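Could you walk me through a few of the packing and pairing details in this model? I'd like the salt bridges, then the strands and helices.

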Amino acid sequence: MILTVTLNTAVDVTYSVRRLVPHTTHRVREAAERPGGKGVNVARVLAASGRRAVVTGFVGGGPTGARLRELLAAEPVVDELLPVAGDTRRTVAVVDTAGGDTTQFNEVGPAVTAPEWSAFRSHYERLLADAEAVALCGSLPPGVPVGGYATLVRAARAAGVPVLLDTSGEPLARGLAARPELVKPNLAELAALTGSREPLRAAGEARRRGAGTVVASLGAEGLLAVTPDDVWWARPPKRIAGNPTGAGDTVAAVLLDSLTAGTAGAAGTAGAAGTVEKSAVDWPSVLARAVALSAATVAARTAGEFDARVAEELLPRVAVERQPRGAA
């Protein structure tokens, strides 16, 4: 199974309006709810690809947390969330159907106590025993130490389980030092980490800080992958308008699939120290699929889902080119 960790889970609410105009009243044309948080979105895509996905992290004990568990029960994933006293947050995406833009509102999340964090670490280590790979995704709720992801990366490496890390800010900086096999930042997160907005230079710096492979999300410009051996740039054939919520999580799911036994075949085996041995990952195929599916996620009407018809239409048209290593 593949384990996804979402410490700051959410109920994702999507509102569609004809046009978003500040300081006015809007009539919502369509509303939808989904269990959310980055790792939950990753698990949904993995399950749609036929993989067994287990979701863990925190879930609040209030009404939003209860609604999250109710929604999650309808998903083809395994719920291993650990309850905490505070209530789960909501995120609200307002989709402007006329312009194709989305405005996002993210609540903070429940405060996690020291005993709750300690209980989670024990719970996580038990789940690692059956995991092929683990994804550590999203923001940290209040109360979790800023080095929380670094702690979880080290535990996975000790268990011989490869890690994908997808977070930002200081949790990303500290997590890199624990040497995850994959990181998947966007350009803004890379710039905040390294001080450079030049994608290749920033991704190369992230590798030097501890990441095995960096796959950077560049929005409409696609994905840049800096691996131990090569640099690849995958670009979509056209810009897709819509709701970008979950698009990066779709990329993470495809990468996890390739790291274990997905479209690229087995990506290697984890050694005793948790490192992934060099292997023949078909990066052009992996990146093309990731670009097509992430664009299809933007095109979907509801956050965290993807439009399979869009993915099928885009996949053969994604351009993947090897790049000179240069600054990387």
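Arginine 289 counts as buried at 17% relative accessibility, and buried here means under 20% relative accessible area, with exposed being over 50% and partly exposed in between (1.4 Å probe, protein chains only). The side chain of arginine 289 meets that of aspartate 257 in a salt bridge, 3.2 Å from N to O. A salt bridge is a side-chain nitrogen of Lys or Arg within 4 Å of a carboxyl oxygen of Asp or Glu. Arginine 289 sits in helix 9 (residues 283–299) and aspartate 257 in helix 8 (residues 247–260), so to speak two distant parts of the chain, 32 residues apart. Aspartate 257 is buried too, at 5% relative accessibility. The model is predicted, which sets a few limits: local features need pLDDT of at least 70, side-chain atom pairs count only at pLDDT 80 or more, and totals for chains, interfaces and linings use all residues. Residues are numbered from 1 along each chain as its sequence is written, and side-chain values use heavy atoms, leaving out hydrogens and water.

By the salt-bridge rule, the count comes to 18. Some of these share partners: Lys38, Asp166, Lys184 and Asp249 are joined into one network.

| Pair | N to O distance |
|---|---|
| Arginine 289 and aspartate 257 | 3.2 Å |
| Aspartate 230 and arginine 322 | 3.1 Å |
| Glutamate 132 and arginine 51 | 3.4 Å |

Where do glutamate 132 and arginine 51 lie? Glutamate 132 is in the loop between helix 3 (114–128) and strand 8 (133–137), while arginine 51 is in the loop between helix 1 (38–48) and strand 4 (53–60), and the two are 81 residues apart. Helices (H or I, at least four residues) and strands (E, at least two) are DSSP runs, numbered from the N terminus. Glutamate 132 is partly exposed at 37% relative accessibility, whereas arginine 51 is buried at 15%.

Aspartate 230 is partly exposed, at 23% relative accessibility, and arginine 322 is exposed, with a relative accessible area of 51%.

Strand 12 (residues 223–226) and strand 13 run antiparallel and are joined by four bridges; two strands pair if DSSP finds at least two bridges between them. They form a hairpin, with four residues between the strands. Strand 13 also pairs with strand 16 (residues 319–323), again in the antiparallel sense, over five bridges. Which residue is the bridge partner of alanine 225 in strand 13? That's tryptophan 232, and tryptophan 232 also stands opposite arginine 322 in strand 16. Strand 13 (residues 231–235) is mostly covered, with four of its five residues buried.

Now for a pair of helices. Two packed helices are described by the angle between their axes and the distance between the axes. Helix 6 (residues 187–194) and helix 7 (residues 199–208) pack at about 60°, with their axes 9 Å apart. Axes are lines fitted to C-alpha atoms, for helices over the stretch in contact, and angles run from 0 to 180 degrees between N-to-C directions. The crossing is left-handed, meaning that the near helix is turned anticlockwise from the far one by less than a right angle.

Helix 6 brings Leu187, Leu190, Leu193 and Thr194 to the contact, and helix 7 brings Pro199, Ala202, Ala203, Glu205 and Ala206; contact means heavy atoms within 4.5 Å. The residues of this contact divide into seven nonpolar, one polar and one charged. In that scheme, Ala, Val, Leu, Ile, Met, Phe, Trp, Tyr, Cys and Pro are nonpolar, Asp, Glu, Lys and Arg are charged, and the others, Gly among them, are polar.

Is helix 6 mostly covered or mostly open? Mostly covered: six of its eight residues are buried, namely Leu187, Glu189, Leu190, Ala191, Leu193 and Thr194. The buried residues of helix 6 pack against helix 5 (169–177), helix 7 and strand 11 (213–217).

Histidine 23 isn't a glycine, yet has a positive phi of about 70°. Histidine 23 lies in the loop between strand 2 (10–17) and strand 3 (30–36) and is exposed at 85% relative accessibility. Arginine 179 likewise has a positive phi of about 70° without being a glycine. Arginine 179 is found in the loop between helix 5 and strand 10 (182–183) and is partly exposed at 49%.
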